Amino acid sequence: MRMLDDESTCGTELACIKPEAGKVKKLTLRMSSAHAAALPSRARAADVSQGRYVCTLMDGMPAPPRAADHSASVAALRASTDMVAAMSVDLNAFLRLLRLGPNNQLENYRAGLMSLADDMRAHLATASTLIAVLAPSRAKR
């Protein structure tokens, strides 16, 4: 398969297409009625524009259709991230209280709680990036 070959197959124009960022051309395609009818539904199922779908076909890696529960998964991830964010706020407030007064019993927990707060912030950063990636790539009409 051409996709799995190393860079030595990129010697020809057809092997490696490297799109220029921001440069888009309008193109008219002639195809059978069946293909023309299937293009919009397949592009919609993959949640990409028709032009992007054709580009993925040319690249040899057709865009896969979105999972049926994709929206529900994104909503669940968003809800989970909101809950972690709320817990992070509460945890940081508690850590601020720990700094106000010296209490030897609470000092034992400070390092563990600070580590937990750092882990929560890292999770929120990762989850927010994932939510952005999973968001629909096409504008709703």
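1. The patch as a whole is made by F94, L97, L100, L106 and Y109, and it covers about 550 Å². Two elements give two or more residues to it, namely helix 3 (70-100) and helix 4. Keep in mind as you look around that this is a predicted model.

2. L106 sits in helix 4. Is it buried, exposed or partly exposed? L106 counts as partly exposed, because its relative accessibility is 33% and that class runs between 20% and 50%.

3. Now follow helix 4, which covers residues 104-134, along to M120.

4. What does M120 touch, leaving aside residues up to four places away in sequence? The list is V84, M87, S88 and L91. Take M87 from that list: M120 and M87 are 33 residues apart in sequence, yet their C-alpha atoms are 8.6 Å apart in space.

5. Zooming out, the chain has four helices and zero strands, so if you read along the sequence you get α-α-α-α. Of the contacts in the chain between residues at least 6 apart in sequence, 51% join residues at least 24 apart. The M120 and M87 pair, at 33 residues apart, is a handy one to find on screen.

6. As for burial overall, the chain has 141 residues, and 18% of them are buried.

7. With 13 residues (33-45) at 1.5 Å a residue, it should span 18 Å, and its end C-alpha atoms are 19 Å apart, which agrees. There is a bend along the way, though: a kink of about 30 degrees lies at L39, shortly before the proline P40.

8. Last stop, just after helix 1: D47 takes a positive phi there, of about 60 degrees. If you are stepping through the chain residue by residue, look at the kink at L39 and then go on to D47.

How values were computed
Residues are numbered from 1 along each chain as its sequence is written. This is a predicted model: local features need pLDDT of at least 70, side-chain atom pairs count only at pLDDT 80 or more; totals for chains, interfaces and linings use all residues. Side-chain values use heavy atoms; hydrogens and water are left out. Buried means under 20% relative accessible area, exposed over 50%, partly exposed in between (1.4 Å probe, protein chains only). Contact means heavy atoms within 4.5 Å. Patches are made of residues with over 30% relative accessible area and no salt bridge: like charges are joined within 9 Å, nonpolar side chains (Val, Leu, Ile, Met, Phe, Trp, Tyr) within 5 Å. Accessible areas come from the Shrake-Rupley method with a 1.4 Å probe; for residues, only the protein chains shown count as cover. A salt bridge is a side-chain nitrogen of Lys or Arg within 4 Å of a carboxyl oxygen of Asp or Glu. The expected span of a helix is 1.5 Å times one less than its number of residues. The bend at a residue is the angle between axes fitted to the seven residues ending there and the seven starting there.
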